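Let's walk through it together, one question at a time.

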Amino acid sequence: MYKIAVLGDRDSIYGFASLGLEVRPVRDLSEAAAELRRLAEQDYAVIYVTEAVFEGIPSEIERYESQQLPAVIPIPGVSGNTGIGMRNVKKTVEQAVGSDIIFNSENERSR
Amino acid sequence: MAATHVNPTRMELTRLKKKLVTAMRGHKLLKDKRDELMRQYLDLVRLNRSLREKVEEGIRFANRNFVLARAGMPDEEVNVALMAPKQEVTLQVSDRNVMSVEVPVFEYQTRTSDPNDIYSYGFAFTSGDLDDAVKSLADLMPDMLRLAEVEKSCRLMAAEIEKTRRRVNALEHIMIPDLQENIKYITMKLDENERSTQIRLMKVKDMMLEQAHHYKERAEEAFAG
């Protein structure tokens, strides 16, 4: 039986508590890194992290990239969407295909 | 390239030929694997993109609702209202094998079966905005889980595709040409050796005939006489 956790600054994530997800508010990045490690060692299959945290501790995130579990998924925080989540998806496309063929057209439009 | 390292012997030639056959087969199989992985990956990544758009939009909307709710009532009351969640989500994780990549499949169970039973507070002292906020997040839950599943699968598959592509390229551009060149080198060398032996034998035969019959001396005698 696995659980789901949400990691980030308190204001961004407290709402998820009402859904029964486990909320782990952190104040700074080093705390977030330690908490992420703690969560990954336990039975958490999905860990949602706010974009700020996701961007702040890339080396910690990287470690779980190649493992099947946990899935570390960035979600936008209360301060708004920075687009890192999409950029991350784009990065995997580049890794797999060699060049970005999914998001290309969209970028040209926005330019 | 590596021609200097090979022994030009028949045994080596047989060995290399066998190796080439294996390499060709491996190359074909890996190429097929790469193509199929790519096909499935592209479908998945498109799904990933649309799900992410949906989830990010949903969270933005929910956050706006939460901000509204907090504006309408004191902080402590919001905290108290959300302090003891009614709902609890647990995940059942199983594996799906996509072309030898193990991707996770999530199935979730909620503690209370009623999807409307998500409000962990009495309605008397909280604002309606909080209800909206909680509801908007709860509606997003299935999509968020699906996003987690799809995005993780995408990352795992991307890594596998990259690995497979490298292997295919290594076989196609290095291993197979090298083997072919070595095989050619050995064949040429063996042929050359054979010709050389042939010529040597002919020469020896000439010399032996000369010794036995003294053609040259007789010819000279006949010319002189």
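Q: How many Å separate the centres of domain 1 of chain A and domain 2 of chain A, taken over C-alpha atoms?
A: This is a predicted model, in which local features need pLDDT of at least 70, side-chain atom pairs count only at pLDDT 80 or more, and totals for chains, interfaces and linings use all residues. Residues are numbered from 1 along each chain as its sequence is written, while chains are lettered from A and ligands numbered from 1 in the order in which they are written. Chain A divides into domain 1 (3-79) and domain 2 (81-111), with bounds that come from an automatic or database domain assignment. Taken over C-alpha atoms, the distance between the two centres is 23 Å.

Q: Which helix gives the most to the side of domain 1 of chain A that touches domain 2 of chain A?
A: Contact here means that the C-beta atoms of two residues, placed from the backbone, lie within 7 Å. By that test, five residues from domain 1 of chain A and five residues from domain 2 of chain A take part. Helices (H or I, at least four residues) and strands (E, at least two) are DSSP runs, numbered from the N terminus. The helix giving the most to the domain 1 side, with three residues, is α3 (residues 51-56) of chain A.

Q: What percentage of the 225 residues in chain B are buried?
A: A residue is buried if 20 or more other C-beta atoms lie within 10 Å of its own, exposed if 12 or fewer, and partly exposed in between, with C-beta atoms placed from the backbone. In chain A, buried residues make up 44% of the 111 residues. For chain B, the figure is 24%.

Q: Which element of chain B supplies the largest share of the side that touches chain A?
A: The contact takes 44 residues from chain B and 32 residues from chain A. On the chain B side, α1 (10-72), β1 (89-98), β2 (101-110) and α3 each supply at least two residues. The largest share, 17 residues, comes from α3(B).

Q: Which residue of chain B is among those that touch the most other members of the largest nonpolar core?
A: A nonpolar core is a set of buried Ala, Val, Leu, Ile, Met, Phe, Trp, Tyr and Cys residues joined through C-beta atoms within 7 Å. The largest one has 62 residues, and Leu7(A), Leu21(A), Val46(A) and Ile47(A) are among those touching the most other members. Helix α3 (residues 128-213) of chain B contributes its largest share, 17 residues.

Q: Where do the buried residues of α2(B) pack?
A: In helix α2 (residues 75-83) of chain B, Val78(B), Ala81(B) and Leu82(B) are buried. They lie on the same side of α2(B) because they cover an arc of only 85° around the axis, an arc of the directions from the helix axis to the C-beta atoms. On the other side of α2(B), Glu76(B) and Met83(B) are exposed. The buried residues pack against α1 and α3 of chain B.
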